[in-house]
Amino acid sequence: MAAAVAVRSKRRLLPHLYRLLHSTAAPSPNRFLRHASPVPRAADHSPFLRLPAARVSTLPTGLRVVTQSYPAATRMASVGVWVDAGSRFELPGTNGTAHFLEHMAFKGTERRPTANALEVEIEDMGARLNAYTSREQTTFFADVQGRDVPAALDVLSDILQHPRFPQQGIQRERGVILREMEEVVSASGAVDHDEVVDQVRKLFTGFSTDPTTADQLVEANPAIFTGSEVRVENAEMPLAHIAIAFKGSSWTDPSSIPLMVTQSILGSWNRSIGVGNCSGSALARGISNGELAENLMAFNTNYRDTGLFGIYTSAPPDALHDLSRLIMEEFRRLAFRVSETEVARARNQLKSSLLLHFDGSTAVSENNGRQMLTYGRVMPFLELFARIDAVDCDTVMKTAKEFIIDKDVALAAVGPISNLPELSWFRSQTVSDDKFTSRVFSLFAQNN
């Protein structure tokens with residue numbers, strides 16, 4: 001039923017989004033968002049994005065609490081704890097510990113001695129309790145009715161501070177991963193900021209006071225992008241699965257937003273949706289017309305000190321060479337020939353996806369918790385959209401030159417990949433050779 005309600009909600013929202021993001025009305029001179037291009041740009045977003053501002057409080061322990069209350073009609077809430085700890089902070093002898101502890105946290109606590117007791121308590125509230133671990137963050141969250149926010153905070157504080165681990169050795173490993181770095185309690189929806197702060201102050205008292213921060217750990221052991229490849233040949237698989245990546249940007253790098261727009265230009269596509277020929281992505285159209293792959297997905301992943309930017313695709317083995325050529329030509333084209341029309345389209349698609357993604361208290365709470373850890377603040381939607389609208393075709397080409405041209409390539413492939421070009425070939429496609437560039441674009445023009 002909840003899924004059906006969400007679908008209906010998005011269907012009602014889509015007509016408004018279309019008018020919002022594809023208006024051809026001329027912008028007024030006092031507009032907040034930047035409109036420097038002659039191409040029609042998005043309409044004023046502010047009437048749709050005037051959500052209550054996020055409120056942030058820092059407790060004497062250093063624990064930060066961020067809330068964003070929705071209008072009074074909202075009866076649901078999402079509350080979670082975001083910890084600046086993840087798999088990248090593991091040592092060679094403790095690999096996998098963060099993900100393991102994520103599962104162990106739900107096995108019971110001192111006051112809730114069994115996993116069943118914890119599960120029954122959550123189900124009786126009609127709530128949902130979950131967790132996940134990424135490379136740099138560990139998250140525990142609960143989706144509840146607004147009246148049950150105090151109970152959800154009690155459960156979260158209990159499983160984080162008083163878990164029942166069956167062996168002393170596991171308890172020691174817990175200290176390796178969940179050492180004090182930075183923590184954020186984030187809540188959104190039917191919540192009251194002052195009440196949440198008071199509850200957190202009373203409940204979250206057992207965290208470590210180790211002053212080590214994630215920034216210090218990253219500085220001591222920075223991530224270094226290395227051009228390399230991993231190939232796993234498996235002729236029995238029907239499709240080859242390939243990821244081609246360049247070094248990307250960190251969360252706070254000024255290039256992070258232009259790379260988001262560039263990712264949107266590359267787009268995503270799946271043969272099952274049947275719109276490849278009509279896609280706004282030139283790469284998707286080329287792959288669809290040539291029947292070169294089953295799917296395509298551009299990615300742009302940010303970390304604290306670096307990132308990964310590239311494309312994942314799966315394809316039949318006899319198409320791998322032509323597919324690789326087309327992908328690398330498109331990467332290279334981004335640095336030399338991008339139209340304002342496709343950049344405007346990419347901006348609008350990016351903003352649409354963001355609006356649809358954050359249609360709910362869970363996504364808003366997650367976004368706020370992550371931004372507090374990565375930016376140290378919550379970036380309002382209007383600011384984010386202004387930054388997106390500031391990206392024009394010159395910005396995209398400059399960014400592509402910085403992150404693609406003459407840069408190393410990382411390649412991962414599994415399946416029937418005997419026809420996949422060598423890593424040296426992929427690297428050769430990024431060299432800054434004017435004659436090579438002219439030849440590529442001449443062929444591109446002939447084929448389009």
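Of the 448 residues in this chain, 49% are buried, where buried means under 20% relative accessible area, exposed means over 50%, and partly exposed lies in between (1.4 Å probe, protein chains only). Before going further, a word on what you are looking at. This is a predicted model, in which local features need pLDDT of at least 70 and side-chain atom pairs count only at pLDDT 80 or more, while totals for chains, interfaces and linings use all residues. Residues are numbered from 1 along each chain as its sequence is written, and side-chain values use heavy atoms, with hydrogens and water left out.

The chain has 16 helices and 12 strands; these are DSSP runs, numbered from the N terminus, with helices (H or I) of at least four residues and strands (E) of at least two. Among the contacts (heavy atoms within 4.5 Å) with a separation of 6 or more, 77% join residues 24 or more positions apart.

Now let us turn to the empty space. Rolling a probe the size of a water molecule over the atoms shows where such space is left. On a 1 Å grid over the protein atoms alone, a cavity is a set of points where a 1.4 Å probe fits but cannot get out, whereas a pocket is an open set with protein on both sides within 12 Å along at least five of seven lines; lining residues have an atom within 4 Å of a point. Grid points are joined across faces, edges and corners, and a volume is the space filled by probe spheres set on the points.

The largest pocket holds about 1200 Å³ of space. Its lining has 36 residues, and Met-260, Gln-263, Asn-300, Leu-350 and Leu-354 lie nearest its centre. Helix H8 (256–266), strand S10 (295–302), helix H11 (340–357) and helix H12 (361–374) each give two or more residues to this lining, with H8 giving the most, six residues. The lining divides into 14 nonpolar, 19 polar and three charged residues. Here Ala, Val, Leu, Ile, Met, Phe, Trp, Tyr, Cys and Pro count as nonpolar, Asp, Glu, Lys and Arg as charged, and the others, Gly among them, as polar. Where does the largest pocket lie? It lies between domain 1 (61–208) and domain 2 (223–446), because both give residues to its lining; the domain bounds come from an automatic or database domain assignment.

The second largest cavity holds about 30 Å³. Among the residues that line this cavity are Ser-264, Gly-280, Glu-342 and Arg-345. H8 and H11 each give two or more residues to this lining, and the largest share, four residues, comes from H11.

Ser-250 sits in the loop between strand S8 (240–248) and H8. With a relative accessible area of 10%, Ser-250 is buried. Its side chain reaches the backbone nitrogen of Asp-253 at 3.3 Å. Leaving aside neighbours within four places in sequence, Ser-250 is in contact with several residues, including Asn-302, Tyr-303 and Arg-304.

Asp-192 is in the loop between strand S6 (183–189) and helix H6 (193–203), and at 36% relative accessibility it is partly exposed. The side chain of Asp-192 reaches the backbone nitrogen of Asp-194 at 3.2 Å and that of Glu-195 at 3.0 Å. Asp-192 and Gln-68 are 124 residues apart along the chain, yet their C-alpha atoms are separated by 8.5 Å.

Conventions: Polar contact = N/O pair within 3.5 Å; in protein donor to acceptor, adjacent residues only side chain to side chain.
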